[in-house]
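Me: I have a structure open and would like to go through some local features with you. Could we take them one at a time?

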Amino acid sequence: MAQQAPKSGVPVMILKEGSQRTTGVDARRSNIQAAKVIAEILATSLGPRGMDKMLIDAFGDVTITGDGATILKEMEVQHPAAKLLIEVAKAQDAEVGDGTTTVVVLAGKLLELGEELLEEGIHPTIVVDGYKKASDYALKVAEEVAKPIELTKEQLLKVVSSALSSKVVAETRDYLAGLVVEAAMQAVEQRDGKPYLDLDWIKIEKKKGKSIYETQLIRGIVLDKEVVHPGMPKRVTNAKIAILDAPLEIEKPEWTTKISVTSPDQIKAFLDQEAEILKSYVEHLASIGANVVITQKGIDEVAQHFLAKKGILAVRRVKRSDIEKLARATGAKIITSIKDARPEDLGTAGLVEERKVGEEKMVFVEDIPNPRAVTILVRGGSDRILDEVERSLQDALHVARDLFREPKIVPGGGAFEVEVARRVREYARKLPGKEQLAALKFADALEHIPTILALTAGLDPVDAIAELRRRHDNGELTAGVDVHGGKITDMAALNVWDPLIVKKQVIKSAVEAAIMILRIDDIIAAGAPKKEEKKGKKEEGEEEKGETKFD
């Protein structure tokens, strides 16, 4: 119902003072502009020859990366539409672990081209319907274009290496891809007759020093900790491991206590009693057969002494995630009460050993009953290199997992996008009404990906797209942009492939984000709370607290 103007001429206040409202064209323009800026920032990082970004946080810490997910995570944006796009990219990263830059760039282009249609007077719902139909058809085409693969080491290597080619560590991609594939093949298991890769089995540990080529795969679990006492053994074979979620020390009580001591004998008796309790803990662990103790909590110096005397290797303050991995890998049960520990709670390992890595020491747990647990020990010259290698390995592991989930691949280098765009254009011409225009814009947006790749390869983008269209019209489905060679060529011959599941998720996420932003025609922002209001609320809260206290 249309709003009627007040007859008396008195303004009617609906929104709270300080609130701002933007409607219609202005609201859409503001949102689209914000999304376009985010997409433009990431566009130059797309592809194997994309540029890196230097991000400096409020504390002066510097991150240099070309990884879309990391760039978006480190950026502190304020505009709600930009935040929405970042959320979509995060969802893409969580779902398939790759394609974050592509999804943001594609969403930004869809909005840019959608804006052109809006300016021509086409209603947003028609643009939304056109995008939806075009994306549904694109997903069908994606299935037709995809090629099934056998999950052999060679096939996995091709795709994982291709995924690493756009990272800062591209020079070492073949070496790192080899480690990733070996780790994935070791960790994969069969569930309901299908291969299943649980990435929790693969741990990444970093240690500064040497070069990336010294990064190695350890068949077992590596802890970035050292043995707590110099008198303990540094190497234990046929280990019986007690994994504790309890401290080997006397815990302080939660309430304040006061002990009155009147003679030195009383202090001695008190300390002796503490030592006796710790000794009983150690003796109980030794009695059930443990020769290695790994705990999430602390180990008192007195307990360390008794453990060393018993010849037990002990490690303390291990991360919770590592404790859980160790328990799964060694078959141990996490012990929360030392007094109740039983022999069947212990895990086993062929070897537990402290080794020097660089200038520091690490504990290696190897030859474990569950061979799926592996660790990639990353080496590199600086902390920033280590961080970048870790991010790249995480992405590569996700790509390997994607292939196990759906063993189908599509050609890279923009070949997939050009082919889908070509078929969507043919489909769009059959659509009735103005939806056809939106579907055609969807096809144009897909071609934005090979356009950027052509630019980074030093090619003229107009010539490159024309050449790609011609070759795809002639049936060359795998013709794409050879970014390193600076020419249009057959991606199959270059072994440049991407997992189908990543490409499908890119289309779904980008279209969902674009549609969500296009449908907004009203922005109502609440005003910032005034200082007095804040102060009043604070005092009110204090008063309430005070009342409770005295009641």
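Me: Where does R317 sit?
Reply: In this predicted model, R317 lies in the loop between β12 (313-315) and α10 (320-330).

Me: What is the phi of R317?
Reply: R317 has a positive phi of about 50°, although it is not a glycine.

Me: And how accessible is R317?
Reply: Its relative accessible area is 46%, so R317 is partly exposed. The class called partly exposed runs between the buried limit, under 20%, and the exposed limit, over 50%.

Me: What about N495, which phi does it have?
Reply: The phi of N495 is positive, about 60°, and N495 is not a glycine.

Me: Why does N495 count as partly exposed?
Reply: Because its relative accessibility is 32%.

Me: Since β19 came up, which sheet is it part of?
Reply: β19 belongs to an open sheet of three strands, in the order β4-β16-β19, with antiparallel pairing. The edge strands are β4 (147-148) and β19 (497-499), each of which pairs on one side only.

Me: How many bridges link β4 and β16?
Reply: Strand β4 and strand β16 (residues 408-411) pair over two bridges, in the antiparallel sense.

Me: Which residue in β16 is the bridge partner of K147?
Reply: The partner of K147 there is I409.

Me: Changing topic: is strand β7 mostly covered or mostly open, and how many of its residues are buried?
Reply: Strand β7 (residues 202-208) is mostly covered, with five of its seven residues buried.

Me: In what sense do β7 and β15 pair?
Reply: The pairing of β7 with strand β15 (residues 374-380) is parallel and extends over seven bridges. Within β15, G380 is the bridge partner of K208.

Me: Now the surface. Which residues make the nonpolar patch?
Reply: I259, V261, I267, F270 and L271 make a nonpolar surface patch of about 470 Å².

Me: Take L271 from that list. Where is it placed?
Reply: L271 is in helix α8 (residues 264-287).

Me: Is L271 buried or partly exposed, and why?
Reply: L271 counts as partly exposed because its relative accessibility is 48%. Being over 30%, that value meets the accessibility requirement for residues in a patch.

Technical notes. Residues numbered from 1 in each chain as written. Predicted model: local features only at pLDDT ≥ 70, side-chain atom pairs only at ≥ 80, totals over all residues. Heavy atoms only, no water. Patch = residues over 30% accessible without salt bridge, like charges linked within 9 Å, V, L, I, M, F, W, Y side chains within 5 Å. Areas by Shrake-Rupley, 256 points an atom, 1.4 Å probe, with all protein chains shown as cover. Salt bridge = Lys/Arg side-chain N within 4 Å of Asp/Glu carboxyl O. Helix = DSSP H or I, 4+ residues; strand = E, 2+ residues; numbered from the N terminus. Buried < 20%, exposed > 50% of the residue type's maximum accessible area, 1.4 Å probe, protein only. Pairing = 2+ DSSP bridges.
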